[in-house]
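Work through the exercises below with the sequence and the model open side by side, and compare each solution with your own reading.

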Amino acid sequence: MLLKDQVAIVTGGGSGIGQSIAEAMAVEGAHVSVWDVNEAQARLAAEAIRGRGGAASHLTVDVSAAGPVHTAVEHVLAGHGRIDILVNNAGVCRVAPIAAITESDWDFVLAVNLKGTFLCSQAVMEVMKRRRRGKIINMGSVAGKVGGIAVGAHYSASKAAVMCFTKSLARELAPYGVNVNAIAPGVIATGMTQSITGGDWEKYLSTIPLGRVGSVQDVAQVALFLSSERAGYLTGEIIDVNGGQLMD
Ligand SMILES: NC(=O)c1ccc[n+]([C@@H]2O[C@H](COP(=O)([O-])OP(=O)(O)OC[C@H]3O[C@@H](n4cnc5c(N)ncnc54)[C@H](O)[C@@H]3O)[C@@H](O)[C@H]2O)c1
């Protein structure tokens, strides 16, 4: 098992990519703390893992608020005494031309995607530094590299910032043996993309050399690799998981 007895937090773990990452980590022996702002989804995701013999619990956490994030980290530490892996996956997407983005929508998207990544990382980094081990995996996006195509500029900007934050954090934590990397997914079939495309994936296929949209497992397997000792010499890296849609 790749992650035997390790303690992992997966934010936004109640659905989509985060749920798949949580499941994959549990299969590899981790105890997964599933965090989500949606209590029911977090609970169901943790129950599903336990139903298959894995170890998981859930917490209702809004990653954009410092107080709840710190309380949740304390809760995990009280239960397990350690945090080996943090996956900053929670995210929201909005579609709008720049002229139509409201101030509150801008603040909301940046608060969840960027500030949430910052707050959760900050909350776990001291314990990882003290133990001189840890893996942090952030969720970027192809949109954060090329600008919004199907998505709003606030979303793209937040993901570009997440990927740059990844490099800053990687530099700060490298002396402590903590690896920080990001994944930049392309078009992955989840509730988020379903709501953007209405399920019409066809129009994307001509832009994807591998000829299909990605699955949540495609992303989860890369997250698993990054969270394992197999990726011990990787840090500050942004890994594209996009079927060849962008090769940079
Ligand atoms: N699906 C794609 O094609 C794609 C592509 C690139 C990047 N991403 C990124 O991958 C991540 C997961 O996306 P997904 O497609 O699985 O979306 P999703 O909507 O299925 O899942 C996102 C999860 O995050 C949770 N969440 C939202 N706001 C939160 C908050 N404030 N605090 C805690 N949890 C919160 C939601 O409740 C949901 O369970 C996101 O960061 C997204 O931007 C997705």
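Ala, Val, Leu, Ile, Met, Phe, Trp, Tyr, Cys and Pro count as nonpolar, Asp, Glu, Lys and Arg as charged, and the others, Gly among them, as polar. This is a predicted model, in which local features need pLDDT of at least 70 and side-chain atom pairs count only at pLDDT 80 or more, while totals for chains, interfaces and linings use all residues. Residues are numbered from 1 along each chain as its sequence is written.

**Exercise 1.** Determine how the residues of the shell around the ligand divide by class.

*Solution.* The shell divides into 13 nonpolar, 16 polar and two charged residues. Of the 31 residues around the ligand, those that come nearest are Gly 12, Gly 16, Gly 91, Thr 190 and Met 192.

**Exercise 2.** Classify the arrangement of α4 and α6 from the angle between their axes.

*Solution.* Helices are DSSP runs of H or I with at least four residues, numbered from the N terminus. Axes are lines fitted to C-alpha atoms over the stretch in contact, with angles from 0 to 180 degrees between N-to-C directions. The axes of α4 and α6 (residues 153-173) come within 9 Å and cross at roughly 15 degrees. Therefore α4 is roughly parallel to α6, a term for angles under 35 degrees.

**Exercise 3.** Decide whether Tyr 204 is buried, exposed or partly exposed.

*Solution.* A residue is buried with 20 or more other C-beta atoms, placed from the backbone, within 10 Å of its own, exposed with 12 or fewer, and partly exposed in between. Tyr 204 is partly exposed because 18 other C-beta atoms lie within 10 Å.

How values were computed. Near = placed C-beta within 6 Å. Helix = DSSP H or I, 4+ residues; strand = E, 2+ residues; numbered from the N terminus. Parallel < 35°, antiparallel > 145°, perpendicular 65-115°, else oblique.
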